[in-house]
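Biologist: I'd like to learn how to read a model like this one. Can we go through it feature by feature?

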Amino acid sequence: MPGTVYLNGDYLPLEDAKVSVMDRGFLFGDGVYEVIPVYDGKLVGLKKHLQRLQNSLDRVTLDNPLSAEQWLSLFSSLLDKNTEQAGQPESAIYLQITRGVYPKRDLVIDPQYPPTVFAMVLPVTPPDLDRISAGITAITVDDFRWNACDIKSTSLIGNVMLKQQARAAGVDDAILIRDGLVTEGTASNVFLVKDEVLVTPPTSRCLLPGITRDLVIEIAKNNTILVEEREIKQGELDQADEIWMTSSTREIAPVIQLDGKAVSQGRAGDMWKHITGLYQQYKQSIRA
Ligand SMILES: Cc1ncc(COP(=O)(O)O)c(C=O)c1O
């Protein structure tokens with residue numbers, strides 16, 4: 001567990017970090033968050049994560065409490081104070097900003113109250129390649145969430161419910177379908193491979209623009225693999241040669257079974273092997 005955490009300007013032991021029950025993050029889920037991977041103590045994709053944080057803040061009309069330099073200095077201090085975690089091959093910085101503590105429970109925004117700013121170092125078990133390549137199982141479920149899924153909001157009750165539907169069905173995860181189209185996973189983006197072309201839904205208010213999604217697209221394009229960012233009809237999942245779910249902590253997970261049927265003969269496909277090799281090279285280059 002994290003040792004020293006950051007809360008509103010102070011560094012303190014996790015057990016001493018306390019937030020009021022009147023905090024709007026607690027009462028309304030009125031906040032946004034980010035998770036930034038750290039490899040061998042190095043922050044990965046910092047600029048992109050800070051940009052996505054800014055987008056989330058803009059969308060919920062919350063001022064960014066810190067400049068990019070101040071965020072960087074906060075993360076460096078936090079990593080310095082958590083050498084045990086930060087010294088591991090992989091960890092992550094979790095940060096959360098809520099609209100702060102108001103005297104009354106009232107939906108109306110009053111900018112006179114300062115936000116609550118919290119950050120901690122999270123332990124991450126490095127995804128083991130043998131384990132990832134074993135693949136995951138999934139079902140398709142109706143994506144009943146709101147039309148603002150591009151915001152990395154702490155209001156995750158929809159995602160929690162959808163993940164639980166998957167778990168109740170005895171599978172690892174769910175692929176979400178809105179109006180017959182694939183959106184994303186409960187905490188990941190979705191790719192399919194058809195005839196050696198990589199396809200993923202375009203960014204929109206129906207999904208979170210994943211940093212891993214961007215990276216996979218970039219790696220593929222740099223290696224002359226065709227990529228299409230376009231709508232994916234639910235029926236295309238049945239015809240797909242491969243299906244993957246991507247996120248910073250899970251990397252590129254091959255789906256080997258969907259709705260009880262084998263995908264790519266029930267094992268990780270050749271395109272997954274190819275892209276995962278390139279992704280691991282990218283990780284090595286960050287460490288070096
Ligand atoms: C709903 C959702 N979509 C996609 C992602 C993938 O984002 P990233 O690749 O930046 O981890 C996440 C990550 O947590 C997520 O929660």
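This is a predicted model: local features need pLDDT of at least 70, side-chain atom pairs count only at pLDDT 80 or more; totals for chains, interfaces and linings use all residues.

Biologist: Which residues of α7 are buried?

Modeller: Buried means under 20% relative accessible area, exposed over 50%, and partly exposed in between (1.4 Å probe, protein chains only). In α7, the buried ones are Ile211, Thr212, Arg213, Leu215, Val216, Ile217, Ile219 and Ala220. After the helix comes threonine 224, with a positive phi near 50°.

Biologist: And aspartate 63, is that buried or exposed?

Modeller: Aspartate 63 is exposed, since its relative accessible area is 69%. You'll find aspartate 63 in the loop between α2 and α3 (68–80). Its C-alpha atom is 9.9 Å from that of isoleucine 97, 34 residues away along the chain.

Biologist: How is the protein chain divided into domains?

Modeller: Domain bounds come from an automatic or database domain assignment. Here they give domain 1 (4–123) and domain 2 (129–287). Their contact (heavy atoms within 4.5 Å) takes 23 residues from domain 1 and 23 residues from domain 2. The domain centres, taken over C-alpha atoms, are 26 Å apart.

Biologist: Now pockets. How much space lies in the largest pocket?

Modeller: The search uses a 1 Å grid over the protein atoms alone: a cavity is a set of points where a 1.4 Å probe fits but cannot get out, a pocket is an open set with protein on both sides within 12 Å along at least five of seven lines, and lining residues have an atom within 4 Å of a point. Grid points are joined across faces, edges and corners, and a volume is the space filled by probe spheres set on the points. The largest pocket holds about 1100 Å³. It has 47 lining residues, and Tyr33, Lys152, Leu156, Asn159 and Thr186 are the closest to its centre. Domain 1 and domain 2 each give at least three residues to this lining, and α6 gives the most, with five residues.

Biologist: Which residues lie closest to the centre of the second largest pocket?

Modeller: Those are Pro127, Arg131, Ile132, Ile136 and Arg250, out of 15 lining residues. The volume of this second largest pocket is about 260 Å³. At least two lining residues come from each of α5 (129–133), α6 and β14 (251–258).

Biologist: What lines the largest cavity?

Modeller: Its lining is Pro37, Val38, Tyr39, Glu90, Ser91, Val124, Ser248 and Thr249. The largest share, three residues, comes from β3. About 30 Å³ of space lies in this cavity.

Note on methods: Residues are numbered from 1 along each chain as its sequence is written. Side-chain values use heavy atoms; hydrogens and water are left out. Helices (H or I, at least four residues) and strands (E, at least two) are DSSP runs, numbered from the N terminus.
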